[in-house]
Amino acid sequence: MIEFNEVTKRYSNGTIGLQDATFRIEKGEFVFIIGPSGSGKSTLLKLILHEEVPTEGEVYVNGFGIHDMDRSEIPYLRRGLGVVFQDFRLLPNKSVYDNVSFAMQIVEAQPRDIRRQVPIALALVGLSKKARVYPHQLSGGEQQRVALARAIVNNPSVLVADEPTGNLDPATSWEIMKLLDDINQRGTTVLVATHEKSIVDDMKKRVLCLEYGHISHDVQKGNYTNED
Amino acid sequence: MKIRTIKYMISEGFTNTYKNLLMSLASVSMVIASLLIFGIFLMITINLIFNLNQIQKDVEIDVFLKRDVAIMEADAIELKIKNDERVLRYERLSKEQTFYELVAMLEEDSRLLEGLTPDFLYEQFRIHLKDPADSEVFSNELSTMAGIDDIVFPQELVNKMSLILRWTNVGTVVVLVVLLIISVSIIANTIKLTVYARRKEIGIMKYVGANDWFIRWPFIIEGMIIGLFGAVSSFVITSYLYNEVEAYVNQEAAAYGISNVLRIVPLGTMYAQILFVYVIIGLVMGAVGSIISVRKHLNV
Ligand SMILES: Nc1ncnc2c1ncn2[C@@H]1O[C@H](COP(=O)(O)OP(=O)(O)OP(=O)(O)O)[C@@H](O)[C@H]1O
Ligand SMILES: [Mg+2]
């Protein structure tokens, strides 16, 4: 499903983003990526999305070799991935419904499928009633739910979230994490980079911990501060 | 590409042009300005070519035969002229004909010719070549034949005309290329603003897995709309101004009695061709400008 083989990412200015990382994530897993600021969490996720390419080593995602891939294949890699960011990245001039349907339009989905899938995705994140509302009329948590609905509407096999609760209060963060868990229960592989100590500790998921670009721990049912 | 995708792209293109109305209008006016300048050069070229062609039609080579030329010699010369591929048409004028032409030309002053007979004049060939630029070579070839007294053609004029024609063509092409580059970069800048304003959207599209052409097309359409509006407006302005100039100059020329030398060509059926050229140039400029400005932002 996702495989990193002795992967090193060195940025053009010489900074090490990730060093010698090797791990495997199976279909249907839920994995927290944790570690101090600058430890390489975002770098790891960017490699999965082919936003960056590895300097050394091999990265496989859904059968695509990120380290050795044609530019023209990138859209097809990404159609199998859903992505959520800390800053939501909604389109302010489109309604909630249009923000979500947009993701289906641009992969040229059938209008019939769009009309069916968008309400399902909105219902899943609990925003059915706000379909006609615009992003600025929503709270941060609600905006992130829209982003989640957009990320899952094309039924990706992997969902990648980079600090999805970074801008949210603890209660709202919990709701979002619960949603991610729901999505995972429905069969989607979920990767979440986060600093949320208490949530990671409570959810008892696999935890991949980074320090200075190295993988320092990789524990099933782990805690944020895992001493093995 | 699917029909609904094409619809989506066209509507996006129009929406963006409208949302960026001010910038779009600024770009449109730059396109208008460039095409106006191009238009001025184009019109000058068209008029030069037309007038030069008019003049060329009148360029003739006069071959004067010796007074005592033998019939056989004159016939040999005629045969040579008749069989030459470069000759458009020719006339053989007898001494009588040249004499009566002269009488007609002098009008009331023809009294001067009193007492003279056609024998006083020369037999003559009056030749029009397909391309007056061949005049010199043709004359040199002919001059070796027996029975010719003199060959006269407007050498200076012929040389100057071919020079003017060549440089006018070069000039129009250069002006066109320069203006195209300027306009393309101006359109590129406008689209760059749209692209910049929508970089978030482009980023999201990339993350969701839209392919490059899907992202590019709405911008290309936006550029083409700008180019098209610019081209059509510019055409309208150009043809209006041209008509004004045409009417004015032709009227003045008539007033001074120089209509035969200075004449502005009526464009007539050429309007459609000019509009076509403008529209093509506008569309191409817009598309190229957009492709240039979107390129950088696609590498996410
Ligand atoms: N585009 C880049 N060019 C150069 N260096 C970069 C770039 N992106 C990240 N880095 C560096 O790579 C290292 C890892 O960065 P990364 O963004 O992966 O950290 P992170 O774990 O996501 O941090 P945070 O928790 O603050 O988001 C850092 O030292 C960072 O400065
Ligand atoms: Mg980060």
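B:Tyr100 is exposed, its relative accessible area being 53%, because values over 50% count as exposed. B:Phe99 has a relative accessible area of 8% and is therefore buried, since the limit for buried is under 20%. These values, like the rest of this report, come from a predicted model.

The rings of B:Phe99 and B:Tyr100 form a pair with 5.4 Å between their centres. Their planes stand at 80°, so the pair is edge-to-face, because angles over 60 degrees fall in that class.

Over all chains, the structure holds eleven aromatic pairs. One of these is formed by B:Tyr90 and B:Phe125, with ring centres 6.3 Å apart and 50° between the planes, and it is tilted. This pair links distant parts of the chain, as its two residues are 35 residues apart. B:Tyr90 belongs to strand S2 (residues 87–93) of chain B, and B:Phe125 to strand S3 (residues 124–129) of chain B.

Are these two residues buried or exposed, or partly exposed? B:Phe125 has a relative accessible area of 0%, so it is buried. B:Tyr90 has 23% relative accessibility and therefore counts as partly exposed.

## A ring cluster

Chain B also has a cluster linked by ring pairs. Its members are B:Phe38, B:Phe235, B:Tyr271 and B:Tyr278.

## Charges over rings in chain A

Which ring lies under the charged end of A:Arg89? It is the ring of A:Phe85, with the charged end 3.6 Å from the ring centre. The charged end of A:Lys205 sits over the ring of A:Phe30, at 5.1 Å from the centre of that ring.

Key
Residues numbered from 1 in each chain as written. Chains lettered and ligands numbered in written order. Predicted model: local features only at pLDDT ≥ 70, side-chain atom pairs only at ≥ 80, totals over all residues. Heavy atoms only, no water. Phe/Tyr/Trp six-rings, centres within 6.5 Å; stacked < 30°, edge-to-face > 60°. Helix = DSSP H or I, 4+ residues; strand = E, 2+ residues; numbered from the N terminus. Buried < 20%, exposed > 50% of the residue type's maximum accessible area, 1.4 Å probe, protein only. Lys NZ or Arg CZ within 6 Å of the ring centre and 35° of its normal.
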